[in-house]
Amino acid sequence: MRYLRILTKRIVFLLFSLVFLSGANFNTLAQSSKQVGTTGISMQEQQIDHKRRDDFHRRDNHKKDDYRRNDKKIKPIVIYPMAEDHFNIFLSKIKKVSFKDCKMTIVEVGCINNYFTCRQVLSIMKLFSFDDEKMQVLKIMNPNILDKENGEMLAEHFTFDSSKKQAMTILNK
């Protein structure tokens, strides 16, 4: 409540100082106070404010239209397989670990934001001795294989025919 009184005193002071500086009399001040709307701004000022907003929105839409009209070609996203030097480091980290679970974890982490060729996946699968482990590696790395048309080389690496068929179904998904 106290702040409201201080605020009204400052507004009254500003109005009187404006009247004094502009040389207007109190009648013009009373007339302008009658024209003030509910927001405390005169009707003319509200109309000017609306006009400014409309002009701003027109300019903003014009900029959007210019951007749409600009026929810049969007460059396609190109995905490359992991570089050979990075892949060799990744392979050596898998080789250093002795437990199967730790190796699988390294493979999972290595697949985050990385892509591989079938040859690279094959070299990782050779680190595992059993078909179920190789199948698990294939399931983990399948979404990140770029050349699935060469997937037959991965399927041939399995021992059993049922595993080979399962590998081909995983690669064809």
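## Reading the labels on a helical protein

Mentor: Let's start with Phe116: this residue is buried, at a relative accessible area of 0%.

Trainee: Why is Phe116 called buried?
Mentor: The label goes to residues under 20% relative accessible area, while exposed is over 50% and partly exposed lies in between (1.4 Å probe, protein chains only). Phe116 has 0%, so it belongs with the buried residues. Before we go on, keep in mind that this is a predicted model: local features need pLDDT of at least 70 and side-chain atom pairs count only at pLDDT 80 or more, while totals for chains, interfaces and linings use all residues. Residues are numbered from 1 along each chain as its sequence is written, and side-chain values use heavy atoms, with hydrogens and water left out.

Trainee: How many helices and strands does the protein have, and what counts as one?
Mentor: There are 9 helices and 0 strands, giving the pattern α-α-α-α-α-α-α-α-α along the sequence.

Trainee: How many aromatic pairs does the structure hold?
Mentor: It holds 3. One of them joins Phe87 to Phe90 in a tilted arrangement, 6.4 Å centre to centre with 55 degrees between the planes.

Trainee: What makes the pair of Phe87 and Phe90 tilted?
Mentor: Rings of Phe, Tyr and Trp (its six-membered ring) pair if their centres lie within 6.5 Å; planes under 30 degrees apart are stacked, over 60 edge-to-face, and the rest tilted. The centres of Phe87 and Phe90 are 6.4 Å apart, so they pair, and 55 degrees falls into the rest, hence tilted. Both residues sit in helix H4, 3 residues apart, about one turn of the helix.

Trainee: And which label does the pair of Phe90 and Phe116 get?
Mentor: Stacked: 5.9 Å separates the centres, and the 25 degrees between the planes is under the 30 degree limit. Phe90 is in H4 and Phe116 in the loop between H5 and helix H6 (118-125), so this pair ties together parts 26 residues apart in sequence.

Trainee: Is Phe90 buried or exposed?
Mentor: Buried, because its 8% relative accessible area is under the limit.

Trainee: Why are H4 and H5 called roughly antiparallel?
Mentor: Axes are lines fitted to C-alpha atoms, for helices over the stretch in contact, with angles from 0 to 180 degrees between N-to-C directions. Angles under 35 degrees are roughly parallel, over 145 roughly antiparallel, 65 to 115 roughly perpendicular, and the rest oblique. The axes of H4 (residues 84-96) and H5 (residues 100-110) come within 8 Å and cross at roughly 160 degrees, so H4 and H5 are roughly antiparallel.

Trainee: Which residues meet between H4 and H5?
Mentor: Phe90, Lys93 and Ile94 of H4 meet Lys103, Ile106, Val107 and Gly110 of H5, where contact means heavy atoms within 4.5 Å. By class, that is 4 nonpolar, 1 polar and 2 charged residues. Nonpolar covers Ala, Val, Leu, Ile, Met, Phe, Trp, Tyr, Cys and Pro; Asp, Glu, Lys and Arg are charged; the others, Gly among them, are polar.

Trainee: What does Val107 touch?
Mentor: Leaving aside residues up to four places away in sequence, Val107 touches Phe90, Ile94, Ile124, Ile140 and Met141. Val107 is buried, at 0% relative accessible area. Its C-alpha atom is 7.8 Å from that of Met141, 34 residues away along the chain.

Trainee: How do you know that H7 is mostly covered?
Mentor: In H7 (residues 131-141), 8 of its 11 residues are buried, among them Val137, Leu138 and Met141. The cover includes H5, H6, H8 and helix H9 (161-172).

Trainee: Is Asn113 buried or exposed?
Mentor: Exposed, because 70% relative accessibility is over the 50% limit. Asn113 is in the loop between H5 and H6.

Key:
Helix = DSSP H or I, 4+ residues; strand = E, 2+ residues; numbered from the N terminus.
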